Structure formats: structure tokens, C-alpha cells
Amino acid sequence: CFLFSRFHLDHYWYVLVFIFRNVLVALVPILPGSVVQWSTLTAVMMASLCACLYIMPWRTFEANMLDIFFAACLIMLLIVGGPFVENAKAQQSGMFGVFLLCLICLGGLSIFGFAVYERFLRRGKPFQFFLCHHKAGAGNLARLLKMHLLENLRVHRKVFVDSDDLSDLNELFSYVRTEVDDLVVLCSREVLLRPWCVGEVTTAFLNDVNVVKVILSDFVPPDAAAIEAYGEMNSMFMLAQYGIGTKMIQDALRWFESNPLLRVPGVITNSSMEEFACRLTRRDFGSHPAIAGTVKAVAIPTSNNCTVILADQSNLEATCTACVVAKMLLAFLALDQGVTFVLQQASQMPLGVKHVVLVCTNGVLQKKNIIESLLSVSGLHIEPIVSETAFRFPTPEFCQELTEHVEMLALQPDQMDLNAQEFVALVREIFKEIAIQVDPQASEDLLAVAVRRLASRLRTKPSSRTWSSSSMLGSASIEVEKQDDEPPPQPRGASVENQDGPLPQYTEGSMREV
């Protein structure tokens with residue numbers, strides 16, 4: 001364990017190389033002849049030096065530099081001192097010297113050939129897009145955009161997101177400098193106040209990397225006075241260790257304004273993000289009348305087997321989480337699980353709902369459309385998932401505040417009947433089960449594990465449940481109990497006649513043919 005802990009997690013196997021090198025060095029004295037010993041030790045140390053230079057296996061940058069320095073010093077000592085070894089024959093020493101000279105020439109030619117390949121012959125860089133974003137403002141949007149970019153036929157290489165592709169923070173700017181074609185900056189409110197994001201933009205400016213701005217609704221571009229104030233921002237001083245000075249940052253920000261831009265769809269759905277990804281890959285930066293986003297409406301499927309995802313539509317990150325979960329659930333739910341979609345704010349709860357997934361973010365339980373939707377499916381299984389680490393779970397104080405809030409909403413005109421006590425009882429029932437944390441900003445593997453757990457619960461949980469609200473309503477308990485083979489209850493306000501009339505519309509998050 002003490003050996004493995006010294007190396008990067010991605011290079012845990014290097015401990016075997018390290019031990020094998022030490023064994024070879026220890027066996028050198030038993031070889032016959034001083035020239036053979038000298039030659040073998042030099043070859044072993046050269047191989048070790050090349051491996052360390054290429055892999056950089058040690059956990060810290062300083063440890064890698066120390067290993068490289070001592071290996072290089074030992075090799076120089078062996079090369080310089082080898083010919084003066086006692087009992088070394090002149091002919092053997094001369095042959096070894098010629099061998100070293102040929103090795104050095106071969107190494108130089110290899111480096112030259114590699115440089116020519118990288119500069120002229122290599123077809124594209126490893127990453128077609130690099131998504132620069134502020135995690136608190138657009139981290140979930142970056143995940144959703146990456147998923148749609150990778151599905152686009154024009155994207156043939158990888159899309160860089162730091163949570164998936166970055167293993168060493170010190171290498172971040174190197175990726176921007178040499179490994180990406182286009183730097184896509186998700187312009188949220190504070191993206192240009194984060195030193196790492198500013199460093200990425202500055203690196204792109206210094207190295208002629210293409211930049212595309214994706215404008216969010218809360219983004220305010222810095223004016224001339226704000227750019228001048230960057231020289232006094234202490235948070236930017238840490239970029240000096242990477243060779244990025246204040247003058248470079250200011251020049252980069254002035255240049256940043258001249259780059260092409262796209263605006264995030266006003267309505268975030270999987271359909272609108274698919275269209276947005278197509279425009280990005282086509283480099284279609286012209287003005288469009290539908291730049292605010294389009295909502296693709298589809299008819300409700302006839303099968304009584306739908307999974308609805310509820311999220312706070314006024315919260316961009318919550319909406320992106322719902323779209324990510326909707327797409328990923330299709331990979332884990334069985335074919336008989338029907339369709340999965342995100343209910344839009346102005347839409348009614350459709351017929352045929354079997355499961356409801358609630359994306360938990362702060363303030364979601366105070367939204368009028370969420371309250372109405374949850375009450376309309378109070379007899380169904382509602383699965384909570386936590387998308388915000390600071391989410392405030394229901395406490396007695398919170399439930400009291402929630403009761404007062406719903407009662408105030410019920411007093412407003414043109415409102416459906418809202419029973420505050422019934423809703424609070426439903427909220428308490430929902431959170432009796434431990435919620436699954438689904439964080440789109442985590443790595444792809446961790447996100448897949450969380451969604452797989454969610455899919456497992458949806459497969460195994462009954463579509464309806466039994467719950468009691470006597471403690472909140474002050475009357476006999478309300479029992480809602482259905483058999484699994486019965487069709488799910490209709491949403492409140494729906495009637496059988498509605499099935500023959502115009503179907504309600506909802507926005508397609510993800511669709512599966514049944």
C-alpha cells in the first residue's frame with residue numbers, strides 16, 4: 001500500500017516498473033566484466049528516465065522532477081566515468097562509446113520525426129471541443145452539451161470536460177494550448193471571475209486557438225473599466241506561476257469580445273440542445289429568429305407506462321440535470337419501461353404516468369407548477385434525486401414554512417384547489433426514502449453509477465404506494481393503495497373523455513420506441 005500510494009491512480013501499475021528497475025540495478029554487480037556492468041546499468045537508467053519523462057507517474061510534480069534529475073545525473077556520471085573504469089579494454093570502451101553516440105543520434109532523429117508528425121501529418125488534435133465553464137453556473141449544462149456533441153455525426157473526436165479528462169491540474173493549460181481545436185466558453189455570470197477559466201481564455205488567445213462563446217442569460221461582458229480592474233484582483237495572481245501576467249489577461253479579454261457567439265436556448269430540452277449542438281458543430285453563428293430555443297411537442301404515447309421527471313424550470317442547472325437523467329435512463333431502463341421525459345412548466349401531467357422523478361434543488365418545493373404536479377400524482381411512486389449538495393431537506397421548521405407558502409398560493413385567483421397540509425404530508429412521505437445524489441458534474445463513471453441505481457429503483461418499486469397523512473390533516477388517514485397490475489391513476493383533473501380529445505403536449509426529453 002505504501003508503494004501504490006506514491007503514484008497517480010491512473011499509473012498504479014508503475015510500482016512494478018519501479019521494483020523491476022531496482023532489481024536490475026541490484027543484479028548488475030554479478031555480471032562478468034566491468035564494461036558489461038557499465039553498459040547494462042547505463043541502459044537500465046536510460047530506460048527508466050524515458051519512462052518517467054513520458055508517463056510522469058509520481059503523485060506530485062516535484063517527485064517526478066526529482067526522479068528525472070537524479071536519473072539524468074547518474075547517466076551523465078556513467079557516460080563520463082565509464083571509459084576510466086579499471087581493467088576496461090580500450091576496444092570494448094570504444095565500441096560502447098560508438099553505441100552511445102548512435103543511440104543519441106537515433107534519439108535526436110526520433111524527436112525530430114515526432115515533431116514533424118505533430119506539426120504537419122497529424123490529422124486533428126485529440127479533443128475537438130474543450131468546454132470551459134464555471135461549475136456553479138454551468139457545470140450541469142456542460143455535461144448535457146457534451147452528451148449531445150458526442151452524439152453529433154460531425155464530432156469524430158473527444159470533447160474535453162475537466163471532471164472526465166483532467167488528471168493533473170497543472171496540465172490544464174497545456175490541453176488548451178496543444179490538444180484542442182475549439183475552446184467553447186459557457187459564459188455564465190461569474191465565468192470571467194474564475195482564474196482557471198480566465199487562464200484558459202488567455203492561453204487560447206496566446207496560441208491562436210479558436211474560441212466560441214455560448215452566452216447564458218445572466219452573463220454580462222466586462223467593459224473597459226472592468227478589464228482594467230483585473231490588475232487588482234488577487235485571485236488572478238495565481239496565474240503568474242503559469243506564465244500568465246496581468247497584461248496578457250487584459251489583452252485576452254479585449255480579444256474575447258470579438259469571437260463568435262451562440263446563445264443558449266431559452267427553453268432547455270434534449271431536443272433544443274440537440275439542435276444547439278448541430279449549430280455549434282456547423283459553426284452556424286448567424287442570427288436566427290428562434291435563437292431563444294424551440295420546444296418540440298409530441299403526442300402522449302398510448303401506453304400507460306411513462307416516467308416523468310419534475311425539475312425547477314427557472315433553475316438552469318436543475319433543468320439540465322433532468323435532461324441528463326432522462327437521456328441516461330434510456331440506457332438502463334428495460335424496453336417495457338416506456339418513455340422518459342421532462343415535464344415543462346406550462347404542461348399538464350399527462351395520462352399513463354407510472355413513476356415520477358423529482359430533481360431536488362433549493363426552492364423546488366415552493367414552485368406552483370411543482371406543487372400542482374406532485375398533488376396530481378400523489379398516489380404514484382415519487383423518487384427524489386438530489387442534484388444540489390446544499391439542498392435543504394424538509395425539517396419541522398421547513399414544513400411549517402412550506403404550509404404557509406402553499407396556503408398563500410391557494411388564496412391567489414385562478415388557482416386549483418391546493419391543500420397545504422396534504423402537500424406537506426406528501427413531501428414528508430417522499431423523503432422517507434433516502435434520496436439518490438445525481439451530480440452531472442461528477443465523472444462519467446460516477447454519474448452512470450447514480451443513474452443505474454435510480455433505474456434499479458424505478459424497476460423494482462411499485463407504481464403506486466400507501467401513505468398516511470392523518471398527522472397533518474387531523475382526520476382519518478388517507479390510504480392510497482393500488483395493485484401493480486392495475487393501470488396508474490389518472491392525474492387530477494383528467495377524465496376519460498380527454499383521451500379522445502386533443503392530447504396534451506409535453507416536451508420530449510428522451511424517447512424510446514415501445
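This is a predicted model: local features need pLDDT of at least 70, side-chain atom pairs count only at pLDDT 80 or more; totals for chains, interfaces and linings use all residues.
1. The crossing of helices α2 and α3 is left-handed. Helix α2 covers residues 34–55 and helix α3 covers residues 61–81. Their axes come within 9 Å and cross at roughly 155 degrees. Angles over 145 degrees count as roughly antiparallel, and so α2 is roughly antiparallel to α3.

2. Which residues make this contact? From α2 come Trp-38, Leu-41, Thr-42, Met-45, Met-46, Leu-49, Cys-52 and Leu-53. From α3 come Asn-64, Asp-67, Ile-68, Ala-71, Ala-72, Leu-74, Ile-75, Leu-78 and Ile-79. By class, the contact of α2 with α3 has 14 nonpolar residues, two polar and one charged.

3. Now α2 by itself. Its 22 residues should span 32 Å at 1.5 Å a residue, and its end C-alpha atoms are 32 Å apart, so the two agree. Buried residues of α2 include Val-35, Trp-38, Ser-39, Leu-41, Thr-42 and Val-44. Met-45, Met-46, Ser-48, Leu-49, Cys-52 and Ile-55 of α2 are buried too.

4. Look next at Met-56. This residue follows α2 and sits in the loop between α2 and α3. Its phi is positive, about 50 degrees, although Met-56 is not a glycine. Most residues other than glycine have a negative phi.

5. Arg-283 lies in the loop between α11 and β6 (297–298). At 36% relative accessibility, Arg-283 is partly exposed.

6. The next helix pair is α5 (residues 135–151) and α12 (residues 316–332). Their axes come within 8 Å and cross at roughly 30 degrees. Angles under 35 degrees count as roughly parallel, so α5 is roughly parallel to α12. The crossing of α5 and α12 is left-handed.

7. What meets what between α5 and α12? On the α5 side are Lys-135, Ala-136, Gly-137, Ala-138, Gly-139, Asn-140, Leu-141, Arg-143, Leu-144, Met-147, His-148 and Glu-151. On the α12 side are Leu-316, Glu-317, Cys-320, Thr-321, Cys-323, Val-324, Lys-327 and Met-328. The residues of this contact divide into ten nonpolar, five polar and five charged.

8. Gly-266 belongs to the loop between β5 (261–263) and α11 (270–282). With a relative accessible area of 59%, Gly-266 is exposed.

9. Helix α16 (residues 444–460) has 17 residues. From its first C-alpha to its last, α16 reaches 24 Å, close to the 24 Å expected at 1.5 Å a residue. Leu-447, Ala-448, Ala-450, Val-451, Leu-454, Ala-455, Arg-457 and Leu-458 of α16 are buried. What covers the buried residues of α16? The cover includes the helices α5 and α12. The strands β7 (306–310), β9 (353–360), β10 (381–386) and β11 (436–437) are also included.

10. One more helix pair: α14 and α15 (residues 420–430). They pack at an angle of about 145 degrees, with their axes 9 Å apart. The crossing of α14 past α15 is right-handed. Pro-396, Cys-399, Leu-402, Thr-403, Val-406 and Glu-407 of α14 make the contact with Ala-420, Phe-423, Val-424, Val-427 and Arg-428 of α15. This contact has eight nonpolar residues, one polar and two charged.

11. Setting aside neighbours within four places in sequence, Thr-403 is in contact with Ala-420 and Val-424.

12. Last, the whole chain. The protein chain has 17 helices and twelve strands. Of its 514 residues, 45% count as buried. Take the contacts between residues at least 6 apart in sequence: 79% of them join residues at least 24 apart.

Technical notes
Residues are numbered from 1 along each chain as its sequence is written. Side-chain values use heavy atoms; hydrogens and water are left out. Axes are lines fitted to C-alpha atoms, for helices over the stretch in contact, and angles run from 0 to 180 degrees between N-to-C directions. Helices (H or I, at least four residues) and strands (E, at least two) are DSSP runs, numbered from the N terminus. Angles under 35 degrees count as roughly parallel, over 145 as roughly antiparallel, 65 to 115 as roughly perpendicular and the rest as oblique. A crossing is left-handed if the near helix is turned anticlockwise from the far one by less than a right angle, and right-handed if clockwise. Contact means heavy atoms within 4.5 Å. Ala, Val, Leu, Ile, Met, Phe, Trp, Tyr, Cys and Pro count as nonpolar, Asp, Glu, Lys and Arg as charged, and the others, Gly among them, as polar. The expected span of a helix is 1.5 Å times one less than its number of residues. Buried means under 20% relative accessible area, exposed over 50%, partly exposed in between (1.4 Å probe, protein chains only).
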